[in-house]
Amino acid sequence: MQSFAEAHGYEHRFTHGDHWKRPRGWLKIEVIRAALEDDFDFVLWMDVDAVMLRNDVDIRTAMVDGAHLHMAWHGPETSEIMAADFVPHFNSGVMLVRVNDWSRAFFKQIWETGQLRHPWFDQATILHVLGYDGCLGLGPDRPDEPNRSRLARLDTAWNSIPGLATAPDPIVHHYAGISNPATRLKMIEVDAMTAPLREQMSPQLRQAFARQFSLWREDAAMRDWVTGERDSALAELQALAAERQGYLAERHGYLAERAGYLAERDRYLAERDDARAQLAAVRSSTSWRLTAPLRWSKRLFQSR
């Protein structure tokens, strides 16, 4: 990005800090609004996961007269869609904004509207304010939205997403939609490190490499999915094993308790049997000692 800025006379700003008012993608809205108050003709925003592949084209040549906001439309009419169930939409990872009262009011409206209940963060709010509710699942589109008249489609070459929505000969690779941060960083590093080597190649070779990066991203995403499914299955198995151990421990506890009850019962039965034996012995002994003398005494009385 810095090399691109130097090649075309841009002022490059890399914004970082720990005191943002909102999380995640909303950082871009804060810094764009700040830049719109400075003495610029336009503002070019690029997400940190976007890689500038070459510096031979100035993005100002892609500007549309009368448009104040330029974003790439990712759809089958402008891109090669490589993902199943892809929902066409404008992507805010790269935005070219003309500095004027409209753009200041527009991004103020974005900020004041705030976060919608959607995982696309600031991009969802931008699409909503532009009247594109259909791709968000928030209802039908609103084509009469006044802000839409200031919007123009930016060539997808400036925001080509490998493995999702690609341009034949991209100028910018944007690694959006990769959930694993480690995978995303590795893809960005490889692309950025090799971009200067590819910049001097023919368009045909650049296209071949761009295609290969899409395949690598697809493979990496599939590997992450398989790994995630495996880890999820292992976690589920571990949870089931732990639950089984808990049941076994509980069963052993019940068995031990039952064994205790049986031992106590056997002790009671033994005590009962012993008591019966003692009682039988006492009865037997008492019968012999009492009945014999009584019978003898009776016979003696009768003889008299």
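Student: Which residue in β6 does His70 stand opposite?

Tutor: His70 stands opposite Ala152 in β6. The model is predicted, so local features need pLDDT of at least 70 and side-chain atom pairs count only at pLDDT 80 or more, while totals for chains, interfaces and linings use all residues. Residues are numbered from 1 along each chain as its sequence is written, and side-chain values use heavy atoms, with hydrogens and water left out.

The strand in question is β3, which comprises residues 69–74; strands (E, at least two residues) and helices (H or I, at least four) are DSSP runs numbered from the N terminus. Six of the six residues of β3 are buried, where buried means under 20% relative accessible area, exposed over 50%, and partly exposed in between (1.4 Å probe, protein chains only).

On one pairing, β3 and strand β6 (residues 151–154) run parallel and share four bridges; strands count as paired if DSSP finds at least two bridges between them. Besides the position of His70 and Ala152, Met71 stands opposite Arg153 of β6. The pairing of β3 with strand β5 (residues 89–98) is antiparallel and has six bridges. There, His74 has His89 of β5 as its bridge partner.

These pairings belong to an open, mixed sheet of four strands, ordered β1-β5-β3-β6. Because β1 (42–46) and β6 are the edge strands, each with a single partner, one side of each has no neighbour in the sheet. On average, neighbouring strands of this sheet are turned by 35° against each other, direction ignored; axes are lines fitted to C-alpha atoms, for helices over the stretch in contact, and angles between N-to-C directions run from 0 to 180 degrees. Helix α3 (residues 101–113) lies across β3 and β5, at about 140° to β5.

Elsewhere, helix α2 (residues 26–36) and helix α4 (residues 122–129) cross at roughly 65°, their axes coming within 8 Å. In this contact (heavy atoms within 4.5 Å), Trp26, Lys28 and Ile29 of α2 meet Asp122, Thr125 and Ile126 of α4. The α2–α4 contact has three nonpolar, one polar and two charged residues; Ala, Val, Leu, Ile, Met, Phe, Trp, Tyr, Cys and Pro count as nonpolar, Asp, Glu, Lys and Arg as charged, and the others, Gly among them, as polar.

Asp169 lies in the loop between β7 (165–166) and β8 (172–174). Asp169 is buried, with a relative accessible area of 17%. Leaving aside residues up to four places away in sequence, Asp169 touches Arg54, Ala157, Pro203, Arg206 and Gln207.

For the whole protein, there are six helices and eight strands. The radius of gyration is 41 Å, well over the 19 Å that the globule rule gives for 304 residues, so the protein is more spread out than a compact globule; the radius is taken over C-alpha atoms, and the rule is 2.2 Å times the number of residues to the power 0.38. Along the principal axes, the C-alpha atoms fill a box of roughly 155 × 45 × 35 Å. Buried residues make up 37% of the 304 residues.
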